[in-house]
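Me: I've got a model open and I'd like to learn how to read it feature by feature. Can you walk me through it?

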Amino acid sequence: MLIALNDGTAEAVVRRHLRHLVDDDDEVRASPGIRGGQTSADRALAGFSVAGYAARRSQVLPETDRGASRLSPYIRHGLVPLGRAWDHVADGPARDTRKFRDELLWQEYARHLYARVGVALHRNLRFAAPWAGGFEPEAWPRRMHCVDSVVSELETDGWLVNQTRMWLASQYTVRFGAGWHAGQEEFYRHLLDGSRAANLLGWQWTVGAGTGSPYGFARWQVEKRAPQLCRACPLAQACPIEQFPAAAAPAPVTDAPANLTRDPHLAATRGPSVAVRRRAARSVLLTVDSLGDADPALEAHSALPVVFVFDEPALARLRLSSKRLIFTVETLQDLARRREVVVHLGDPRVVVPSLDAAVTSAPVPSFARYAEGAAELHPWPWLVAPHSGSVASFSAWRRASAGVVADDPGAG
Ligand SMILES: Cc1cc2nc3c(=O)[nH]c(=O)nc-3n(C[C@H](O)[C@H](O)[C@H](O)COP(=O)(O)OP(=O)(O)OC[C@H]3O[C@@H](n4cnc5c(N)ncnc54)[C@H](O)[C@@H]3O)c2cc1C
């Protein structure tokens with residue numbers, strides 16, 4: 001089935017064509033603060049100054065004091081490629097530039113890790129943190145003003161600073177003891193930057209499944225980063241997180257993926273390093289991982305129509321919040337001002353083979369649904385070339401990254 005992008009606003013398009021796929025409780029409402037599209041991404045990047053980033057990236061309130069860039073939805077969807085964000089801060093103060101680029105490398109690390117271990121990232125990677133079970137809303141007690149405020153922001157805006165993501169993840173699993181996988185799924189449903197790679201990594205690392213050291217959430221962080229939340233809290237005199245939690249260190253898992261420390265299939269992890277042409281391309285296919293004007297397949301074929309497929313079977317399973325789909329529709333509507341864009345709703349395995357499409361390879365397991373029927377595969381634009389050394393921790397990955405390519409940006 002085809003979806004007309006000119007059926008009104010992005011909200012109207014989602015309401016008319018995708019309503020059956022979004023969360024039932026959802027009103028079909030865009031994020032008030034973050035809009036999709038290359039034009040919005042370019043504006044956000046142009047408006048971001050890295051000065052003061054190192055000191056203020058974890059600030060929560062007041063919002064005007066936040067130093068985080070809020071570029072993550074654009075980075076996640078390829079509207080701001082990591083290399084472009086990297087270059088954007090070249091002239092900033094050295095300490096801020098270094099810190100910001102470190103965070104970009106965390107994003108790259110998440111992508112390398114997911115490309116390497118694939119769906120194994122859904123399970124405890126190295127240490128046995130509470131993992132199983134359905135979503136437990138009571139793990140985020142709304143009587144706690146800090147929790148209520150952050151969960152509301154997640155549900156309304158679909159974006160949180162890193163600090164409050166850690167609060168919620170820690171509260172959910174380290175304090176309440178609920179299995180983290182359902183908590184990360186709730187994040188994934190709402191976050192405009194929701195990616196399996198970074199979200200699974202963030203949860204694994206916060207709850208201790210990645211490092212063996214769970215992050216403890218306590219009043220101290222709230223007082224430091226958003227003291228007004230404590231002042232307005234009905235539990236201020238009986239704060240349930242007054243002390244740091246006494247979290248026991250989780251035991252190592254016995255079934256960690258064998259390829260965590262060594263990659264015997266580096267070529268498969270990396271994907272094609274040059275364009276692979278199977279037959280002549282008649283269209284360019286974009287995927288959620290690469291929706292920007294700098295998409296390599298899009299740049300290679302400036303005259304071909306662009307195709308996007310809303311993956312109906314996957315969306316029916318995921319029940320995303322409508323703001324995520326609205327972000328995608330806004331992005332496609334913005335692109336339609338420059339290129340012919342055709343949008344399908346269906347199963348990519350069925351739709352893609354008839355498209356004769358050129359597509360950029362994405363380092364995620366679900367890309368197999370697009371790769372099989374594509375006419376042309378373009379290389380994924382890695383910031384740092386994948387290597388076959390350890391991805392067991394960020395520092396191990398970073399050490400092994402130094403020197404893998406001549407212009408390795410992580411080496412500086
Ligand atoms: C529990 C949890 C879940 C998370 N889920 C996601 C997710 O689904 N998608 C996502 O992109 N990030 C996720 N993160 C990482 C991080 O919180 C966000 O990338 C960051 O808060 C986005 O805000 P920003 O763009 O202002 O970041 P900035 O601080 O401005 O950083 C710039 C960019 O660096 C990258 N980055 C920064 N911190 C991290 C990090 N810890 N890990 C990976 N990349 C990072 C992002 O691309 C970000 O846009 C998660 C972190 C935690 C603790």
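Reply: Helices (H or I, at least four residues) and strands (E, at least two) are DSSP runs, numbered from the N terminus. Keep in mind that this is a predicted model, where local features need pLDDT of at least 70, side-chain atom pairs count only at pLDDT 80 or more, and totals for chains, interfaces and linings use all residues. Residues are numbered from 1 along each chain as its sequence is written.

Me: Which helices do the buried residues of helix 9 pack against?

Reply: A residue is buried if 20 or more other C-beta atoms lie within 10 Å of its own, exposed if 12 or fewer, and partly exposed in between, again with C-beta atoms placed from the backbone. The buried residues of helix 9 pack against helix 7 (145-157), helix 8 (162-175), helix 10 (196-207) and helix 15 (312-318). They are W180, H181, G183, Q184, E186, F187, R189 and H190.

Me: Why is helix 9 described as largely enclosed?

Reply: Eight of its eleven residues (180-190) are buried, so the rest of the structure largely encloses helix 9.

Me: Zooming out, how many helices and strands are in the protein chain?

Reply: The chain has 19 helices and seven strands. Along the principal axes, the C-alpha atoms fill a box of roughly 65 × 50 × 45 Å. Of the 412 residues, 46% count as buried.

Me: What does the domain assignment give for the protein chain?

Reply: Domain bounds come from an automatic or database domain assignment. In this chain that gives domain 1 (2-30 + 269-378) and domain 2 (36-254 + 389-412). Their C-alpha centres lie 26 Å apart. The contact takes 25 residues from domain 1 and 22 residues from domain 2. On the side of domain 1 that touches domain 2, helix 16 (residues 322-335) gives the most, with eight residues.

Me: How about the nonpolar core: which residues have the most contacts inside it?

Reply: In soluble globular proteins, nonpolar side chains tend to be buried together. A nonpolar core is a set of buried Ala, Val, Leu, Ile, Met, Phe, Trp, Tyr and Cys residues joined through C-beta atoms within 7 Å. The largest one here has 107 residues, and L113, V284, L285 and A357 have the most contacts inside it. Helix 6 (residues 94-117) supplies the largest share of this core, nine residues. Both domain 1 and domain 2 give residues to the core, so it lies between them. Leaving out residues up to four places away in sequence, A357 touches A281, S283, V284, L285, V307, V352, A374 and A375.

Me: Which residues come nearest to the ligand?

Reply: A residue is near a molecule or strand if its C-beta atom, placed from the backbone, lies within 6 Å of it. Of the 28 residues around the ligand, A68, S69, S72, N199 and G202 come nearest. Helix 4 (72-76), helix 6, helix 8 and helix 10 each supply at least two residues of the shell. The shell divides into 13 nonpolar, nine polar and six charged residues.

Me: Last one, backbone geometry. Where does P62 lie?

Reply: P62 lies in the loop between helix 3 (53-56) and helix 4. The peptide bond from L61 to P62 is cis, with omega near -5°. Check phi too: V28 has a value near 60°, positive in a residue other than glycine.

How values were computed
Contact = placed C-beta atoms within 7 Å. Nonpolar A, V, L, I, M, F, W, Y, C, P; charged D, E, K, R; others polar.
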